[in-house]
Amino acid sequence: MAPTAAMTVSPCFLSTSQQTGTLALVDHAPCGGATPRNLALTPSGRHLFSANQNADRISILARDAATGRLADTGRFIEIGTPMCVKIVR
């Protein structure tokens with residue numbers, strides 16, 4: 001199903017049962033803009049970049065190393081219609 005204006009699209013956190021292998025929803029995180037098309041984790045694991053196609057920005061989210069949870073840094077890169085993020089060393 002395609003997202004509509006009434007739907008929220010955001011990265012989510014899942015846990016895996018060691019006994020059954022089933023997934024369970026833990027939490028959602030804001031992606032920093034509309035229509036996230038691609039996500040990329042930095043090599044350090046401390047930040048996640050979200051290419052938000054309809055917001056014309058790549059949002060930079062902080063990642064907690066212990067929990068994996070994301071937090072908005074308020075930082076972003078303005079760029080027209082981003083669809084893919086690649087981290088280059």
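Reader: Starting with Thr-81, what relative accessible area does it have?
Author: Thr-81 has 38%, so it counts as partly exposed. Buried is under 20% relative accessible area, exposed is over 50%, and partly exposed lies in between (1.4 Å probe, protein chains only).

Reader: What kind of model is this?
Author: The model is predicted; local features need pLDDT of at least 70, side-chain atom pairs count only at pLDDT 80 or more, and totals for chains, interfaces and linings use all residues. Residues are numbered from 1 along each chain as its sequence is written, and side-chain values use heavy atoms, with hydrogens and water left out.

Reader: What's the phi of Thr-81, and where is it found?
Author: Phi is positive, about 45°, although Thr-81 is not a glycine. Thr-81 is found in the segment after E6. Strands are DSSP runs of E, at least two residues, numbered from the N terminus. Most residues other than glycine have a negative phi.

Reader: And Asp-56, what phi there?
Author: Near 55°, again a positive value in a residue other than glycine. Asp-56 sits in the loop between E4 and E5. Its relative accessibility is 38%, so Asp-56 counts as partly exposed.

Reader: Switching to the sheet. What's the strand order?
Author: E3-E4-E5-E6, four strands in an open sheet with antiparallel pairing. Two strands pair if DSSP finds at least two bridges between them.

Reader: Which strands stand at the edges?
Author: E3 (36-41) and E6 (70-78). Each has a single partner strand, so one side of each is left without a neighbour in the sheet.

Reader: How much are neighbouring strands turned?
Author: By 25° on average, direction ignored. Axes are lines fitted to C-alpha atoms, and angles run from 0 to 180 degrees between N-to-C directions.

Reader: How many bridges link E3 and E4?
Author: Five, in the antiparallel sense, with E4 covering residues 47-52. Pro-36 stands opposite Asn-52 in E4.

Reader: And E5 with E6? How many bridges?
Author: Seven, also antiparallel, and E5 is residues 57-63. The bridge partner of Ile-60 is Arg-75 in E6. Their hairpin has six residues between the strands, and Gly-68 there takes a positive phi near 80°.

Reader: Side chains now. What does the charged end of Arg-57 sit over?
Author: The ring of Phe-76, 3.6 Å from its centre. The cut-off is NZ of Lys or CZ of Arg within 6 Å of the ring centre and within 35 degrees of the ring normal.
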